[in-house]
Amino acid sequence: MSKQVSKCPHAKKCGGCQLQNMIYERQLSFKQVKVIKLLGKYRHVDEIIGMEHPYHYRNKVQAAFGERGKEIISGIYQSSTHKIVPVDSCLIEDPKADEIIVTIRKLLNSFKLRAFNDVAMKGFLRHVLIKRGFSSGEIMVVLVTGVMDFPKQEQFVNALLTRHPEITTLVQNVNNKRTSLLLGEESRVLFGSGYIEEDLCGFRFRISPKAFYQVNPTQTEVLYNKALDFAELSGKETVLDAYCGTGTIGIIASPKAKQVVGVELNGDAVKDAKVNAELNNVQNIEFYKDDAGRFMVKAAQTGAQYDVVIMDPPRAGASLDFLKSLITLAPKKVVYISCNPETQARDVAFLVKNGYRVKKIQPVDMFPHTEHVECIVSLVRK
């Protein structure tokens with residue numbers, strides 16, 4: 001493991017890596033203590049699993065574009081502000097993605113294209129989103145523009161691909177609204193297939209511009225393998241994968257389960273999940289587009305039976321309706337993956353009061369140098 005944190009020149013302005021002043025071992029200790037304070041009353045917290053090389057781990061990189069005087073800048077929004085901190089390279093981002101973003105910024109000047117001003121609602125390029133398959137080597141570049149009209153589109157695309165032939169697909173997404181959301185509703189493919197594919201835990205997954213996919217593939221394998229160890233599947237269980245995203249955990253669990261059901265509210269993610277199941281020839285899985293809480297309520301009302309529930313909710317945690325329905329369904333095991341131990345602790349407290357006990361707790365460092373910590377809690381019905 002890395003002993004010393006490299007000094008980032010953007011540290012004071014950016015605010016993205018809150019712990020980078022600590023050596024990595026100290027960061028891990030800090031996160032371990034955080035999880036112990038929140039969940040340690042239930043049982044022993046296993047030692048946090050860190051990274052051997054905790055740099056340049058992000059396979060998803062996004063940059064905001066703006067103007068400072070007549071100069072086009074690109075970088076990261078300063079923490080809790082709408083001010084862009086110019087960044088050419090970041091210690092936690094994929095270096096190739098950073099390199100492509102710098103090239104795009106230079107090309108804007110060459111082609112006399114402007115950055116989009118979201119106050120005046122004028123200009124062209126708003127953001128760039130890059131997703132890279134670390135295993136497959138495939139790279140998707142999404143140009144988020146404020147307007148559909150793309151002057152000298154063919155020449156711009158050719159210039160970018162000439163400088164970066166490693167790009168496998170290029171997409172234009174139009175976001176013309178006053179919003180903090182990165183992507184708009186309308187997209188068109190400028191080059192390639194419009195998606196990339198990536199290998200994870202021996203399976204192949206399709207990643208589209210809008211679909212959620214974990215940003216640290218190295219630690220995602222660690223996280224998912226540990227979660228499936230906690231599920232202790234024998235091949236006879238019916239598994240519910242709640243908040244399933246593009247179906248990654250459910251598909252990886254499928255060889256060890258009798259049946260898997262995935263539920264996810266994001267329609268683009270559900271489409272990708274179904275494609276991913278076909279891509280891997282998984283026959284024993286079904287996906288539903290629905291709010292996880294609403295789906296659970298309906299499942300409880302119809303008397304559906306699940307042996308194991310794997311849940312990976314957003315930072316806000318699970319809804320009360322979801323948790324109440326989970327109690328009604330009474331699965332033998334619950335494997336709760338969370339990127340926010342605070343809301344996880346709240347939800348675990350509810351489950352413990354209603355017939356479950358905590359069996360294992362495992363923190364995983366998915367986001368080195370930041371204050372975020374991922375945690376898996378295994379619960380069994382008393």
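## Salt bridges: worked exercises

D347 is buried, with 1% relative accessibility (buried is under 20% relative accessible area, exposed over 50%, partly exposed in between; 1.4 Å probe, protein chains only). The model is predicted: local features need pLDDT of at least 70, side-chain atom pairs count only at pLDDT 80 or more, and totals for chains, interfaces and linings use all residues. Residues are numbered from 1 along each chain as its sequence is written, and side-chain values use heavy atoms, without hydrogens and water.

**Exercise 1.** Find the salt bridge between D347 and R346, and state the exposure of R346.

*Solution.* Apply the criterion: a side-chain nitrogen of Lys or Arg within 4 Å of a carboxyl oxygen of Asp or Glu. The N to O distance for D347 and R346 is 2.9 Å. Now check R346: at 43% relative accessibility, R346 is partly exposed.

**Exercise 2.** Which residues are linked with R204 in a network of salt bridges?

*Solution.* Start with R204 and E138: their side chains meet at 3.5 Å, N to O. R204 lies in strand β9 (residues 203-207) and E138 in the loop between β4 and β5 (139-145), 66 residues apart. R204 is partly exposed, at 25%. Then extend: the network links E138, E197, D199, R204 and R206.

**Exercise 3.** How many salt bridges does a search of the whole structure find?

*Solution.* The search finds 17.

Terms used. Helix = DSSP H or I, 4+ residues; strand = E, 2+ residues; numbered from the N terminus.
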